[in-house]
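Dear colleague,

I am handing over the structure that we spoke about, and I would be glad if you could look through it. My notes come after it.

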Amino acid sequence: MSTSGHDVTQSDVAAAAGVSRSLVSLALSGSPKVAEDTRTHILDVAASLGYRINAAASALARQRSSTIGLVLPNLRNAFFEQVSRSLDDAAAQQGLTVFVAVGAEDQERLQRAIDSLLGVRVLGIILVSPWLTDAQLATLGEEAPTCLIGRRSPGGHVDSVHIDEQHAAEAIVSHLVSQGVSSLGYVAPRLGDDASRLIREESLGRAARQAGLALTTEEASADDAGAAIRRLLSTGTPQMGLIAHNDMLAIDAVAVLRKLGHEGGGRIPLASYDNTYLARRAEFALTSLDQPDQRMAHEAVRLLVERATALTRTPGRPPAAQDVHVEGHLVIRTSSTV
């Protein structure tokens, strides 16, 4: 046991009590959502470990924070950086600042990133394409105002902002069909790199079936996307169209196609998602589905502030979750044209 309460964290109490970190936080803050016997058990464990609530931090918690926590899956995707910059602009317009933490597919590291933000008493947390279960996200929403970007709301008290994935998939498939393709290949990231892969793959599959085409998916590693692209090309038809999950993977596809004698077009039309600055570069000229990151950022900040304000005015009565759709549109460039 620790002899210094300042050395004991809420995560330590949670592990010893056999409950979640968020439940410990709720119990120690006196939330009525925690059963009395559970609260007593947690308080007893906390006392036995020498945990003491920091009075100064508790006082600060009752005041409105001016910081928003942002959790990104990684720093490899240019779209995540683009969203981060737009969120910083949207927050600044309301006198707020953004504190960024990078999560990972490793659940423990991701939870530490979230805990670090909760520990500095942020106004709320925005997560971009988080690889967490619906239950985990709903639990986080009970502890702090939470908004997702690029993923549907799991319900509860978690808001979200995302494009209409089905509409986006149909736009991409329709365009590739107009280029004469007879099958489709989808270059997908690992789930830990981008949780939007699940809904995107499902949406592309439905759009492909509606067009009477087969869709083949290959998962690409962060270090060697080219291998997945070559597998798709070796198993597909001569008139295959390629769809990359994001512009980063599409650039790898361009390199493979050029090595095989194609110029990112010709007999192998290529389209992707995100329309980042990479897609606009002349050497790539990617056809890409634009996600309006500035509008998404403003909506996310708005939802977070509204929820935090509502909780201040009527504690214990959180508003229902909002699921906001924004419209994406396909920007056509030479990578997909025959």
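This is a predicted model: local features need pLDDT of at least 70, side-chain atom pairs count only at pLDDT 80 or more; totals for chains, interfaces and linings use all residues.

Residues are numbered from 1 along each chain as its sequence is written, and side-chain values use heavy atoms, with hydrogens and water left out.

The secondary structure of the protein chain comes to 13 helices and twelve strands (DSSP runs, H or I of at least four residues for helices and E of at least two for strands, numbered from the N terminus). Of its 338 residues, 51% count as buried, that is, under 20% relative accessible area with a 1.4 Å probe, protein chains only.

The second largest pocket holds about 300 Å³ of space (a pocket is an open set of points on a 1 Å grid over the protein atoms alone, where a 1.4 Å probe fits, with protein on both sides within 12 Å along at least five of seven lines; lining residues have an atom within 4 Å of a point; the volume is the space filled by probe spheres set on the points, which are joined across faces, edges and corners). Of the 17 residues that line this pocket, Arg151, Arg152, Ala195, Leu198 and Ile199 are the closest to its centre. Strand E5 (158-163), helix H8 (165-178) and helix H9 (197-210) each supply at least two lining residues, and H9 gives the most, with four.

Best regards

Key: Buried means under 20% relative accessible area, exposed over 50%, partly exposed in between (1.4 Å probe, protein chains only).
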